[in-house]
Amino acid sequence: KIRFPHALVMTMVFANGSMSDKWSRIVKLTIEHATRLCKFVMLYKTLVSIQENSTGTKRPLHAFIAGALGSYVVFSEENAVNQQINMYLLSRIIFGTVRLAADK
């Protein structure tokens, strides 16, 4: 939902160059963001499925392992798109941890 608007605002505010260059950058960043998320989801679902099939049951640890491995493989390269995704994920983790602690 936010890939294109974020790329649009950040490029228009901070990038230099012609409008053609800016639009090319916006499209490139949007496609890169969507592609990375797609790769993560495919890897995550595949790893969860493999773990469930190998053990015969569904366990919460499967999601953790698949998420950790998928994140490392897809989001470990240092670039602006991965940095944005990692900051978003970190905020979700912190928020969830605080809510969990507040409920207890």
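Okay, let's start inside: Phe40 and Phe75 are both buried, where buried means under 20% relative accessible area, exposed over 50% and partly exposed in between, with a 1.4 Å probe and protein chains only. Keep in mind that this is a predicted model, where local features need pLDDT of at least 70, side-chain atom pairs count only at pLDDT 80 or more, and totals for chains, interfaces and linings use all residues. Residues are numbered from 1 along each chain as its sequence is written, and side-chain values use heavy atoms, with hydrogens and water left out.

Now the overall picture. The protein has four helices and zero strands, counting DSSP runs of H or I with at least four residues as helices and runs of E with at least two as strands, numbered from the N terminus. Of its 104 residues, 22% are buried.

So, back to the rings: how many aromatic pairs does the structure hold? Three. Rings of Phe, Tyr and Trp (its six-membered ring) pair if their centres lie within 6.5 Å; planes under 30 degrees apart are stacked, over 60 edge-to-face, and the rest tilted.

Take Phe4 and Trp23: the centres are 6.5 Å apart and the planes at 20°, so this pair is stacked. Phe4 sits in helix H1 (residues 3-14) and Trp23 in helix H2 (residues 19-55), so the pair ties together parts 19 residues apart in sequence. Phe4 is partly exposed at 39% relative accessible area, and Trp23 is partly exposed at 38%.

Then there's Phe40 with Phe75, a tilted pair, 5.5 Å centre to centre with 35° between the planes. Phe40 is in helix H2 and Phe75 in helix H3 (residues 60-75), 35 residues apart. Ring pairs also bring in Tyr44, linking Phe40, Tyr44 and Phe75 into a cluster.
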